[in-house]
Amino acid sequence: MVKLVHLHYSPSFHFQPLNSLKTNQKSRSAAAIPSKQLSLAPSFCSCCGRRHFIEAATAVFLPISPSKSNASTSHSDHYLDLLNRIHPPRPDWYEEFYASVMDTSMKPYEAKIAGYKSQLLEKLKGKAKRVLEIGIGTGPNLEYYAGDNEVQVFGLDPNKKMEKYARAAATAVGLPSKNFHFIEAVAEAVPLDDSSVDAVVGTLVLCSVQDVNMALKEVKRVLKPGGLFLFIEHVAAEDGTSLRLWQTLVDPLQQAVADGCHLTRETGKYISSSGFSSLELSMASLYNAPFSLITPHVYGVACN
């Protein structure tokens, strides 16, 4: 039974349980996924208090898209078809330019939101050995996984040029190269097996996916029973406010220059209605790059 919580604005950062409520454009190939590693480690759900024993057979990674996946019909061919349809191949210079801009322009935002991320991702320490991050980008979250030599991080992004920045970020924070795996893919079609990761992390990614419901369905599919989805997303301001009016006016430009990012997307509602067994979801007003404005964000943890 799903435990819903009220959205609320939080002036200072604290988590509290809320009781109510591309390779290049010439050639794209399926991402290389590590072979399976058997593990009998239990999976914990911190937000609903359940403990599930996951059989080793459910923790399998496939080199192609699995059954039941949105990308499974024709194995890698269909997965690549979805990748190319949702994120059409673009010139290398553009992908490289966008990746370099993201690597530098988001630093002020990351500094402002570091406290939120640190406390949120602390929930994974010692509990998640396989973590999928959708929209890994240039790897700003990799520092929060460092220090655990057993964790395997699968960073998914449709822009292949993000990989070198993400790998550099992993090296800079001491995350061993063998523990980081970059996958060129979209969140709507994840080429990993069912029930194959302990946690999925998404920060500022659901604002720009083409199909939010499909992406969340994939999150639930790849998560083990009791696995966690941790998220921080900027969202639309309240209707009738001057900020919402500004977001509405600027939204078309934002989508054009920020790889499909929507300023007026109500991501919290999508997560709340996606069928997680339990959910802790809060709202706060946070600094948002690149406009240097304070905008609403939702953050929290959902349990599969």
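Let's start with an aromatic cluster: Trp93, Tyr94 and Tyr98 belong to one. Keep in mind as we go that this is a predicted model. By the rule used here, the protein has five aromatic pairs. One of them is Trp93 with Tyr94: the ring centres are 6.0 Å apart and the planes stand at 85°, so we call this pair edge-to-face. How covered are these two residues? Trp93 is exposed, at 63% relative accessibility, while Tyr94 is partly exposed, at 24%.

Now have a look at another pair, Phe229 and Phe276. Here the centres are 5.9 Å apart, and the planes are at 15°, so this pair is stacked. Where do the two rings come from? Phe229 sits in strand β7, residues 223-234, and Phe276 in the loop between α7 and β8, so the contact ties together parts that are 47 residues apart in sequence. Are they buried or exposed? Phe229 is buried, with a relative accessible area of 0%, and Phe276 is buried as well, at 2%. Phe276 has a charged neighbour too: Lys220 lies over the face of its ring, 4.8 Å from the ring centre.

Let's move on to strand β4, residues 152-157. Six of its six residues are buried. As a reminder, side chains in a regular strand alternate between the two faces of the sheet. In β4 both faces are covered, with Gln152, Phe154 and Leu156 buried on one side and Val153, Gly155 and Asp157 buried on the other.

Which strands pair with β4? Strand β3, residues 130-134, runs parallel to β4 and is joined to it by five bridges; Glu133 stands opposite Gly155 there. Strand β5, residues 180-184, also pairs with β4 in the parallel sense, again over five bridges. In that pairing, Asp157 has Glu184 as its bridge partner. Between β4 and β5 comes helix α4, residues 162-173, and together the three make a right-handed β-α-β unit.

One more helix for you: α3, residues 107-121. It bends by about 60° at Ile113. Ile113 is also one of the buried residues of α3, along with Tyr109, Glu110, Tyr116, Lys117, Leu120 and Leu121. For reading that list, remember that an α-helix has 3.6 residues a turn, so residues three or four places apart point the same way.

Finally, the whole protein. There are seven helices and nine strands. Of the 304 residues, 53% count as buried. The accessible surface comes to about 13300 Å², and 57% of that belongs to carbon and sulfur atoms.

Technical notes
Residues numbered from 1 in each chain as written. Predicted model: local features only at pLDDT ≥ 70, side-chain atom pairs only at ≥ 80, totals over all residues. Heavy atoms only, no water. Bend = angle between axes of the 7 residues up to and from the residue. Helix = DSSP H or I, 4+ residues; strand = E, 2+ residues; numbered from the N terminus. Buried < 20%, exposed > 50% of the residue type's maximum accessible area, 1.4 Å probe, protein only. Areas by Shrake-Rupley, 256 points an atom, 1.4 Å probe, with all protein chains shown as cover. Pairing = 2+ DSSP bridges. Right-handed = clockwise from strand over helix to strand, strands pointing away. Phe/Tyr/Trp six-rings, centres within 6.5 Å; stacked < 30°, edge-to-face > 60°. Lys NZ or Arg CZ within 6 Å of the ring centre and 35° of its normal.
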